[in-house]
Amino acid sequence: MTDFLLELLSEEIPARMQGKARADLEKLFAEQLAAAGLKAQSLQTFSTPRRLALIARGLPETTEAVSEELKGPPADAPDAAVDGFLRKAGLTRDALETRDVKGRATLFAVINKPGRATADVLADAIPAIIRAFPWPKSMRWGTASQTTESLRWVRPLQGIIALLGGYVVPCEVDGLVAGDSTVGHRFHHKGAVTISGVDDYASALRAAHVIVDHDERASIIRDGAAKAARDAGFVLVEDDGLVVENAGLTEWPVPLLGRYDPAFLEVPPEVIQLTTRINQKYFVVRDAAGALAPAFVCTANISAHDGGKAIVAGNEKVLAARLSDARFFWELDQKKTLGQHSEKLANIVFHEKLGTVADKVERVAKLARWLCEEGIVKGDAALAEQAARLCKADLVTEMVGEFPELQGLMGGYYAAKEGLDPQVAAAIRDHYKPVGQGDDVPTAPVTVAVSLADKLDTLVGFFFYLMPPTGSKDPFALRRAALGSLQLELDSNLRFSLLSLADRVIDLIAQPSSLNRQGTQGVGRTLKTDPKLGQHDVQSFDLLDFFADRLKVQQREAGVRHDLIDAVFALGGEDDLVRLLARVHALQAFVETGEGGNLLAGYKRAANILKKEGRGDASATVHTPETGGGIAQTGEEDPLSMVEDPGVALAVAEMAQPGSGLPYEPEPAEIALIEALDKAEPLAALAIHGEDFEGAMAALAVLRAPIDAFFDDVTVNDADPDKRTARLNLLARFRTAVHRVADFSKIEG
């Protein structure tokens, strides 16, 4: 066994690409080995800003010889068929064998492949790996770049080390010949660094001030930055992403503490953090009280003779210039009110079919006010409208122009500086929230009204114009908006009809604005689109189905089964998502009990029998006196649907006489099931009306034993057609009773 070292030296590799590059190098190398019948005992990859390397340990010195058989055409096949087989096998006719296959002479090719030296395999593999490397972005360089056939790499490739057992593997890529030397640190080491083999690679480069192990550099930065902050009396704000990025920017990392003028702390801390972290790649520090401190930790790529004083001074100067710009923007933006800033929104197109940002703000303001006026959100309607009208104003400020990540947040700061109501400032600040799983969910009523109105306006608008997400593409972040809407609705227990609210949004979209729209109807119905789309009828995508899918995603982490959500949605007519989820929770608790599981099994058995008898549609069940319930068919699926007061249901149930109207003497198990249904149906109806879904499940639970006994003791497909019909009707009644709670046919198991 022997070991192999590959190093690909280049100009600076972007830090964000290095992690994937290491994984890609390992994958490509393993694939090349596997194709030749080789496998290393272990693979290890490294990266620095200037190199990508791999060490393979435990490689055999040669591949094993293999013999491959190829079955060809019959021996008497036309010459053209035989010639084609010979070309495929790479043999001549005299090298073929003739064998008997089911009584017919058939040609076979036996191809013997002798073992190859591993060095020869690697000599072919290295150029193939380099040319196939999947950099997210790559470039050509030099005179060779005039042709598209020239080598591409992330930055100009400068050298190749390829050592197998200490010997150079002879190979060449685009004029670069593999060797045994590389370079050390740009400033600490001049000249070439010769590598004798795998075992001295890391140590030889360390002597040249290059730490090749990215994890080691990250550890040095993480620990060193924390110590530099601690030694100055501060606490480092942990930031693993920044650790990895700095590790990808340095070959010899040295964390250093710098400071800036405390006067800059007048600027919002988020601005300072973004300037420090995003623009300069510095770590943020806090004082003992947790407040932002006027200091930072930078990562030098050199051990300076003066201990880093000059490096720190240079970084302090650069950061001071950045913070001066931020303070200028902060002060300049405050020379106008948010109302004055918002006037510019009329010049920004939100979407060509949905008008300008000013149009969107107008819709959101009206909807936020309406949500409060209707009592859906228990907030001040006037404040909600005011916050909505100003919530997008910071998009045209200088600060958000420089730092788009601060949209909303800066509006909140400016609103507070302007002296607006704190509820308005908070709503402006947080109306984008939640922006993903794990983000804070606003609960302040005014904020909830604005946030929900903003998200629903976006969702309904794009669904109205038939622009839903497709596959992995979601350019308008509609999935995120739906998840955010769900979180707001569920956390604040907001009760409303989603489709009715969607219709209201469409009414707002249809009102005259920067776009002339007409002929709109409700989402989920047939819509007449914008005249620009050609005045034709199109079927809207179902917004409720979209929310159902998002609800499954959101509830999956909470352990809620997706099939139970389907079972409740399948009932139809339910678009109050708070009520729907309460029903789902009750259903899950029920089906996971022994009674619920047995009732589900009984339901499935009844449903299968009815399906075989051509009565598979639960909605078509006829509820007649012949089923044993004693209540005449009303024309509605539910015999109690015409009873306005569900309390009357209990009295109605007492009118039913078990077995009344049956043309035969029912068996005891039939009577027991009829009596159980007479009791369960009105109790379940009453519980559902009061949104006591646990109570509805409990009412259904009494059906478990009677349905089991019915199947044990009663012959459904009796030879007597009257008995057969009545018993099928009874099973249909049982199925309908269960369907009042959920469509059990959607439940798995």
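Two strands count as paired if DSSP finds at least two bridges between them. By that criterion β1 and strand β7, residues 157-164, are paired: they run in the antiparallel sense over seven bridges. The model described here is predicted.

## The chain as a whole

The chain has 749 residues, of which 49% are buried. Its secondary structure comes to 26 helices and 20 strands. Of the contacts between residues at least 6 apart in sequence, 67% join residues at least 24 apart. The accessible surface comes to about 34,400 Å², and carbon and sulfur atoms account for 51% of that area.

## The five-stranded sheet

Strands β2, β3, β1, β7 and β8 form an open sheet in the order β2-β3-β1-β7-β8, and the pairing is antiparallel. The edge strands are β2 and β8 (167-168), each of which pairs on one side only. Strands of a sheet pair through backbone hydrogen bonds, either parallel or antiparallel.

| Strands paired | Sense | Bridges | Residues facing each other |
|---|---|---|---|
| β1 (residues 2-10) and β3 | antiparallel | seven | Phe4 and Ala56 |
| β2 (residues 42-48) and β3 | antiparallel | seven | Ser47 and Leu52 |
| β1 and β7 (residues 157-164) | antiparallel | seven | Leu8 and Ile160 |

A hairpin joins β2 to β3 through two residues. How much of strand β3 is buried? Eight of the nine residues of β3 (residues 51-59) are buried, so this strand is largely enclosed by the rest of the structure.

Leaving out residues up to four places away in sequence, Thr45 touches Arg22, Glu26, Ala53, Leu54 and His214. Of these contacts, Ala53 and Leu54 fall within the residue range of β3.

Helix α3 (residues 118-132) lies across β1, β3 and β7. Its direction makes an angle of about 155° with β7.

## The four-stranded sheet

A further open sheet has four strands in the order β13-β15-β16-β14, with antiparallel pairing. Its edge strands are β13 (235-236) and β14 (254-259), and each pairs on one side only. The partner of β14 is strand β16 (residues 292-300), to which β14 is joined in the antiparallel sense over six bridges. Within this pairing, Leu256 has Cys298 of β16 as its bridge partner.

Helix α8 (residues 309-333) lies across β14 and β16 and runs at about 50° to β14.

## Helix α13 and its surroundings

Helix α8 is also among the elements that the buried residues of helix α13 pack against; the others are α7 (269-279), α9 (338-342), α12 (398-402) and α14. Which residues of α13 (residues 409-418) are buried? They are Leu409, Met410, Gly411, Gly412, Tyr414 and Ala415. An α-helix has 3.6 residues a turn, so residues three or four places apart point the same way. After α13 comes Gly419, which has a positive phi, near 85°.

## The largest pocket

The largest pocket has a volume of about 740 Å³. It is lined by 25 residues, and those closest to its centre are Lys392, Gln407, Tyr432, Asp454 and Arg480. The elements that give two or more residues to the lining are α10 (357-373), α14 (422-430), α15 (445-464) and α16 (478-491). Which element gives the most to this lining? It is α15, with four residues.

Gly594 lies in helix α21, which covers residues 594-612. Is Gly594 buried or exposed? Its relative accessible area is 51%, and the cut-off for exposed is over 50%, so Gly594 is exposed. Along the chain, Gly594 and Ala701 are 107 residues apart, and their C-alpha atoms are separated by 10.0 Å.

Conventions. Residues are numbered from 1 along each chain as its sequence is written. This is a predicted model: local features need pLDDT of at least 70, side-chain atom pairs count only at pLDDT 80 or more; totals for chains, interfaces and linings use all residues. Side-chain values use heavy atoms; hydrogens and water are left out. Contact means heavy atoms within 4.5 Å. Axes are lines fitted to C-alpha atoms, for helices over the stretch in contact, and angles run from 0 to 180 degrees between N-to-C directions. Buried means under 20% relative accessible area, exposed over 50%, partly exposed in between (1.4 Å probe, protein chains only). Accessible areas come from the Shrake-Rupley method with a 1.4 Å probe; for residues, only the protein chains shown count as cover. On a 1 Å grid over the protein atoms alone, a cavity is a set of points where a 1.4 Å probe fits but cannot get out, and a pocket is an open set with protein on both sides within 12 Å along at least five of seven lines; lining residues have an atom within 4 Å of a point. Grid points are joined across faces, edges and corners, and a volume is the space filled by probe spheres set on the points.
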